[in-house]
Amino acid sequence: MKPESVVKARNVIGEGPRWNAAEQRLYWVDFIENQNIHSWDPATQELRTYATEAPVTALGFRRKGDLIVATGGQVAAFNLATRKLSSFTSVVEGPSMRLNDGAVDTNGRFWVGSMNSQQQQQPHGCLYRFDPDGSVQEMDSGFTVSNGLGWSPDQRTFYFIDTFRRAILAYDYSATAGSISNRRVFAQTAEEDGYPDGLAVDAEGHVLVAFWGGWKIVRYDPDGRQERKIPFPVANPTACAFGGRDRDELYVTTARLGLTKEQLADQPMAGDLFRVPLNIQGQEEPLFG
């Protein structure tokens, strides 16, 4: 389970990894300063970088091809050939409010959370569901930095992270209706753990969480108990996703944001993309639409 740096990306804040099974490529974003979407082929080691005209904080794959993304307060399409964004709709308004992490559910809907970028510890964030018909539903509210979204394999539980409350939340979930209820704390993390950031739910129903400032990934069983820890050589793992032909490799993005020159000297792989081989399989990545 030793993490291996596979792309020396040096991302300021790498985030939102998603595995494209059709292409056998991993996509992720670096949205602070660089405003890039990256795409990497493990077989050929080819790295493609797409500069975006606005910061993209989360992405998913569309049935029609190309990407659905969260950018600023909008959900948009990103055309990989033209490298252009086409706005679908505005979701949040206000100079300091923006969308953050997002994920596509098995019925092709894009779920995305918001945050106050100037007052990150204030509970101004909301959770939204963006449907293929273009409609937007506010699903819940009162969050600090909205992060880490995922669903259990039986489609009965939805997971969501409220970062500055250090809370991994769980909801009852109806896949047919696209509804959530019975919000509860799945796992309350400790200050010494750092901050919970992105997550992935594996095929066994365990939840893997990246801890910003925690130097680790933690795997929780379906009852919220820590099942294992995967130590990292960098302080800021940000998000994780399963990939590879058998979906048994965990890809982890990391960040350099906020590290001093001395800390960067001690963490030369900060901002890299890592891969962790596991004897655990992830779920398939759904498509929007």
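Q: How much space lies in the second largest pocket?
A: In this predicted model, the second largest pocket holds about 380 Å³ of space.

Q: Which residues are closest to its centre?
A: The residues closest to the centre of the second largest pocket are I13, Q120, V145, W212 and L257. They belong to a lining of 20 residues.

Q: Which elements give two or more residues to that lining?
A: For the second largest pocket, these elements are β10 and β18.

Q: And how does the lining divide by class? What are the counts?
A: The lining of the second largest pocket has ten nonpolar, six polar and four charged residues.

Q: What about the largest pocket: how much space lies there?
A: The largest pocket contains about 650 Å³ of space. Its lining consists of 36 residues, and those nearest the centre are W19, Q283, E284, E285 and P286.

Q: Cavities next. How many of 30 Å³ or more are found in the whole structure?
A: The search finds one cavity of 30 Å³ or more. About 50 Å³ of space lies in the largest cavity.

Q: Which residues line the largest cavity?
A: The lining is made of G16, P17, R18, D101, G198, L199, A239 and C240. By class, four of these residues are nonpolar, two are polar and two are charged.

Q: Which element supplies the largest share of that lining?
A: Strand β2 supplies the largest share, with three residues. Strands β2, β18 and β22 each supply at least two residues of the lining of the largest cavity.

Q: C240 is in that list. Is C240 buried or exposed?
A: C240 has a relative accessible area of 2%, so it counts as buried. Another cysteine, C126, is also buried, because its relative accessible area is 11%.

Q: How many disulfides are there, then?
A: The count is zero disulfides. A disulfide is a covalent bond between the sulfur atoms of two cysteines.

Q: Back to β2. Which sheet has β2 in its order?
A: Strand β2 belongs to an open sheet of four strands, in the order β2-β3-β4-β5, with antiparallel pairing. The edge strands are β2 and β5 (47-51), and each of them pairs on one side only. From one strand to the next, the twist averages 20°.

Q: Over how many bridges do β2 and β3 pair?
A: Strands β2 and β3 (residues 25-30) pair over five bridges, in the antiparallel sense. Within this pairing, W19 has L26 of β3 as its bridge partner. W19 also lies among the residues nearest the centre of the largest pocket.

Q: What holds paired strands together in general?
A: Strands of a sheet pair through backbone hydrogen bonds, either parallel or antiparallel.

Q: Which strands make up the open sheet of five?
A: The order of that sheet is β9-β8-β7-β6-β25, and its pairing is mixed. Strands β9 and β25 (287-288) stand at the edges with a single partner strand each, so one side of each has no neighbour in the sheet.

Q: How many bridges join β8 to β9?
A: Six bridges join β8 to β9, and the two strands run antiparallel. In this pair, V75 has T89 of β9 as its bridge partner.

Q: What lies between β8 and β9?
A: A loop containing R83 lies between β8 (74-79) and β9 (84-90). R83 has a positive phi of about 60°, although it is not a glycine. Its relative accessible area is 40%, so R83 is partly exposed.

Q: Where is Q155 found?
A: Q155 is found in the loop between β14 and β15 (157-162). Q155 has a positive phi of about 60° and is not a glycine. With a relative accessibility of 16%, Q155 counts as buried.

Q: Last topic: why is β24 largely enclosed?
A: Strand β24 (residues 273-277) is largely enclosed by the rest of the structure because four of its five residues are buried.

Q: Which strands are joined to β24 by bridges?
A: Strand β1 (residues 4-7) pairs with β24 in the antiparallel sense over three bridges, with V7 opposite L273. Strand β23 (residues 249-254) is joined to β24 by four bridges and also runs antiparallel to it. There, E249 has P277 of β24 as its bridge partner.

Key:
Residues numbered from 1 in each chain as written. Predicted model: local features only at pLDDT ≥ 70, side-chain atom pairs only at ≥ 80, totals over all residues. Heavy atoms only, no water. Disulfide = S-S within 2.5 Å. Buried < 20%, exposed > 50% of the residue type's maximum accessible area, 1.4 Å probe, protein only. 1 Å grid on protein atoms, 1.4 Å probe; cavity = no way out; pocket = protein on both sides within 12 Å on 5 of 7 lines; lining within 4 Å. Points joined across faces, edges and corners; volume = space filled by probe spheres on them. Nonpolar A, V, L, I, M, F, W, Y, C, P; charged D, E, K, R; others polar. Pairing = 2+ DSSP bridges. Axes fitted to C-alpha atoms, helices over the stretch in contact; angles between N-to-C directions.
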